[in-house]
Amino acid sequence: MTTALTDAELLAKLVAFDSTSHKSNVPIATYIAQYLETGGIEIVRNFNAEQSKVNIIARVVGTEKNIVSQGLILSGHLDVVPATENEWESDPFELHETSDAYIGRGACDMKGFVALAINTARQAAHQRLCYPLVLMLTFDEELGLLGAQHLANTWPEPFPLPKSAIVGEPTSLRVVRAHKGCMYINIHVTGQSAHSAQPHLGANAIIPAARIVTELDILRRRWATQPIELGELFPETPYLTLDVARIQGGSANNIIPGYCQITVGLRSLPEQDRDALIAEIESAMRRGQAKTPNIDCKLEVIANSPPLLVSADSVICQTMCDLMSQKSAAGVSYATDAAILQTMGIDPIIWGPGSIDVAHKPNEFMPKNEFAQARRILDMAVERFCTQ
Ligand SMILES: [Zn+2]
């Protein structure tokens with residue numbers, strides 16, 4: 001059995017693994033599994049088809065094994081975004097400590113919470129729990145919730161999961177019960193390329209693409225002024241947001257461009273009909289295409305992650321608001337694994353130390369006071385969910 005590390009020592013170990021999403025997460029997952037392999041913890045390794053990525057599910061078993069309405073899941077992702085920015089003032093994969101913060105890639109998003117969750121579980125294994133405490137550590141969240149989706153597709157494995165979950169993304173310790181969905185759509189505009197000296201032999205794809213972009217912008221402005229149910233959960237952007245994120249077309253100065261691609265991003269609110277939204281994008285595409293013969297337009301949804309909405313009356317929401325003395329749970333605009341957990345019949349709230357404002361940026365940091373407070377709250381949450 002490995003010796004116990006302090007929360008900060010464990011965070012330093014986790015940060016030292018370069019678990020950028022495009023790399024395998026097996027090394028960091030193996031380390032965590034070994035660290036957790038102590039009496040009283042069961043570990044399930046949930047591999048992807050290529051065996052290059054793995055979700056770690058660890059359970060501290062309670063005496064009341066089969067009561068899953070009780071118990072608690074602590075969930076986090078093991079991957080981090082790349083740390084290639086020049087502005088890093090220290091090695092991103094070596095935890096750097098100042099008087100009030102820990103700095104490193106993932107310190108905030110979200111190895112800080114993962115370290116706390118692991119040590120909470122290790123400690124709980126020495127207590128006598130009534131109901132299970134489950135760690136759910138996923139791969140490739142940053143690539144579009146891939147690990148959580150793989151888990152949802154392949155579970156149930158050996159045991160049922162508790163109903164309540166905390167997904168520890170950085171919220172500055174605010175309890176969050178809703179987030180928007182995230183969709184990416186490619187629009188392929190295909191014409192006919194030709195020598196630019198013979199334009200009559202070609203069909204320029206960029207011109208209709210530009211008209212489509214204009215139609216999409218009209219749609220964006222209309223949506224931005226339309227009040228939507230549950231908008232109050234997202235005070236900064238209480239509406240459906242659309243952006244034309246990328247456009248790419250043409251290959252040379254003397255060629256009539258035969259192809260142009262537009263990529264659109266869409267952040268939908270909970271309970272919006274996402275198929276209807278896709279249909280509206282398609283109509284905008286057709287209006288833009290309308291006056292151009294010999295042009296073919298196709299729409300392709302390349303990512304479609306669901307929104308999250310957990311009931312304010314759920315046990316997890318009530319308990320965490322109570323522990324944080326927070327009146328009511330909030331909403332955030334970024335997507336998380338929580339939305340996938342909800343499709344598995346789990347009630348997940350989002351709550352974790354650190355600010356989303358520093359995530360995915362150079363010199364990402366975890367405030368020491370929030371880190372310590374989060375650990376105390378986690379211990380209290382385990383007591384509420386797993387021991388009574
Ligand atoms: Zn994250």
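The C-alpha centres of domain 1 and domain 2 lie 36 Å apart in this predicted model. Domain 1 is built from two stretches of the chain, 7–178 and 307–386, while domain 2 takes up residues 181–305. Where the two domains meet, 11 residues of domain 1 are in contact with 13 residues of domain 2. On the domain 1 side, strand E15 (308–309) and strand E16 (330–332) each supply at least two of the touching residues. That side of domain 1 consists of 8 nonpolar and 3 polar residues, with no charged ones.

Two helix pairs are worth a look. In one of them, helix H2 (residues 26–36) meets helix H3 (residues 111–124), the axes coming within 10 Å and crossing at roughly 25°. At this angle H2 counts as roughly parallel to H3, and the crossing is right-handed. The residues that meet here are Ile 32, Tyr 35 and Leu 36 from H2, and Ile 118, Ala 121 and Arg 122 from H3. Sorted by class, the contact of H2 with H3 holds 5 nonpolar residues, no polar ones and 1 charged residue.

The other pair is formed by helix H7 (residues 315–323) and helix H9 (residues 368–386), whose axes are 11 Å apart and pack at an angle of about 135°. This angle makes H7 oblique to H9. H7 also passes H9 in a right-handed crossing. From H7, the residues Thr 319, Met 320 and Leu 323 meet Ile 377, Met 380, Ala 381 and Arg 384 of H9. The contact of H7 with H9 comprises 5 nonpolar residues, 1 polar and 1 charged.

E4 pairs with strand E5 (residues 101–103) in the antiparallel sense over 2 bridges, and His 96 stands opposite Ile 103 in E5.

Another open sheet has 4 strands, ordered E11-E13-E9-E14, and its pairing is antiparallel. Here the edges are strand E11 (241–249) and strand E14 (296–305), each with a single partner strand, so one side of each is left without a neighbour in the sheet. From one strand to the next, the twist averages 20°. Strand E9 (residues 181–190) pairs with E14 in the antiparallel sense over 9 bridges, and within this pairing the reader can find Asn 186 opposite Glu 300 in E14. Helix H5 (residues 206–224) packs on the sheet, where H5 touches E9, E11 and strand E13 (259–268). The direction of H5 makes about 170° with that of E11. Helix H6 (residues 274–289) lies across E9, E13 and E14, running at about 155° to E14.

How values were computed:
Residues are numbered from 1 along each chain as its sequence is written. This is a predicted model: local features need pLDDT of at least 70, side-chain atom pairs count only at pLDDT 80 or more; totals for chains, interfaces and linings use all residues. Domain bounds come from an automatic or database domain assignment. Two residues are in contact if their C-beta atoms, placed from the backbone, lie within 7 Å. Ala, Val, Leu, Ile, Met, Phe, Trp, Tyr, Cys and Pro count as nonpolar, Asp, Glu, Lys and Arg as charged, and the others, Gly among them, as polar. Axes are lines fitted to C-alpha atoms, for helices over the stretch in contact, and angles run from 0 to 180 degrees between N-to-C directions. Angles under 35 degrees count as roughly parallel, over 145 as roughly antiparallel, 65 to 115 as roughly perpendicular and the rest as oblique. A crossing is left-handed if the near helix is turned anticlockwise from the far one by less than a right angle, and right-handed if clockwise. Two strands pair if DSSP finds at least two bridges between them.
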